[in-house]
Amino acid sequence: MKRIYADYNATTPLAPEALEVMLPYLREHFGNASSVHIFGREARAAIDDARVRVAKLLGAQEGEIVFTGSGTEADNTAIIGVVRASRKRGRPHVVTSSIEHHAVLHACQYLEKAGECEITYLPVSRDCLVDPVDLQKAIRDNTVLVSIMSANNETGTIQPVKELSAICRDRGVPFHTDAVQSFGKTTVNVNNWGVDLLSIAAHKFYGPKAVGALFIRRGTKVDPLLFGGSHENDRRAGTENVAAIVGMAKAAELVIAKMGEEQCRLFGLCEKLASGIAERITGAHRNGHAQQRIANTINFSFEGCEEEGLLLGLDLEGVAVSSGSACAVGSLEPSHVLKAMGLPHELARAAVRFSFGAANTPADIPMILDALARVVERLRTFTVKEA
């Protein structure tokens, strides 16, 4: 049986070119980048070079890039770090959206529960979009941060980041965006967007796992989360993962170099799948904005089905997909994103996210449609019998 991987938003395979540049730093160039001898200097030079390259791709200065252990750590650092750096101003207030990745939402909830700040959670439309007017109304005199993702990981919907950040700039409030799902899929430039903090994760664009980066605009005050050394210019203690950082820079350059052509190709695959679903499967509902989205992502709910049955059924048919964030696996609750969009419970718990990538081809679409049609029919038949 041919297996089709259609879960690239969860993670991507490591690019061979990224692995190739990583290997020397897993073997002969194994030094600690904080050591002053030749082994350490080799490691430090590799990190410095990677920082310059990643900064260039983001439109940032090299001193504004902090390497982290993940996109989650980058998000946590941005939110918790800004709040704690603002404590002298009284009880801080943070604005975020109800559809953020849990790396943002759980960080906000943690601060809220600990009494360290107040949080406002902005609603979204049925298309999964934040209304800039709602942000304008939510900002207070004690607002110290606004954090709104650039592209939703479940629906792919792209938020109006430039417009949102402009509102924050006018009010003197730092703006953070989680760009984990958008980097490599759409143009990400910190100056064009006007953001003050931005998070990315290497394994979402064919880089290694357990490495990410946080852009911190010069002058933005952020307290560190980790202590124990002066690494990353005193902003993130811990011996750097040199091989992963080098691999991340290489993967980032590769994905940006072919982004235009590749994203056009993936958009076509998604639309071909959407047309096929509309033709072959009744009771299918598309979730999220149909056009204002990252090109590789499409989300559907299927009446009379349940998420677990859809995922397991498709897996048995050789199609690997997800219901949403891979970080929420095991949860019995429907997607918080789809609930925030106003989907009824029965549709929110019957959703499948298809996210395509490098290995997918037009030949995959008929196979996915055949498998999906069989699974949906079986689940609906079983539901009718149960009733």
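1. Ser86 is in contact (heavy atoms within 4.5 Å) with Pro92 and Val144, leaving aside its neighbours within four places in sequence. Ser86 is found in the loop between H3 and E3; helices (H or I, at least four residues) and strands (E, at least two) are DSSP runs, numbered from the N terminus. With a relative accessible area of 9%, Ser86 is buried, where buried means under 20%, exposed over 50% and partly exposed in between (1.4 Å probe, protein chains only). Gly238, 152 residues apart from Ser86 in sequence, is 24 Å apart from Ser86 in space, C-alpha to C-alpha.

2. This is a predicted model: local features need pLDDT of at least 70, side-chain atom pairs count only at pLDDT 80 or more, and totals for chains, interfaces and linings use all residues. Residues are numbered from 1 along each chain as its sequence is written, and side-chain values use heavy atoms, with hydrogens and water left out.

3. The buried residues of H4 are Ala103, Val104, Leu105, Ala107, Cys108 and Leu111. Their cover includes helices H3 (71-85) and H12 (336-340), together with strands E3 (93-97), E4 (118-122), E5 (143-147) and E6 (175-178). Just after H4, Gly115 takes a positive phi of about 75 degrees.

4. Ala320 lies in strand E11 (residues 319-320). Its relative accessible area of 22% makes Ala320 partly exposed. Not counting residues up to four places away in sequence, Ala320 touches Ile4, Tyr5, Ala6 and Asp7. Ala6 is 314 residues apart from Ala320 along the chain, yet their C-alpha atoms are separated by 5.6 Å.

5. On the overall fold, the protein has 14 helices and 12 strands. The radius of gyration is 21 Å, which agrees with the value near 21 Å for a compact globule of 387 residues (taken over C-alpha atoms; the rule is 2.2 Å times the number of residues to the power 0.38). The C-alpha trace spans about 70 × 55 × 35 Å along its principal axes. Among contacts between residues at least 6 apart in sequence, 75% join residues at least 24 apart.

6. Buried residues make up 54% of the 387 residues. The protein exposes about 16700 Å², with carbon and sulfur atoms supplying 54% of that area (Shrake-Rupley method, 1.4 Å probe).
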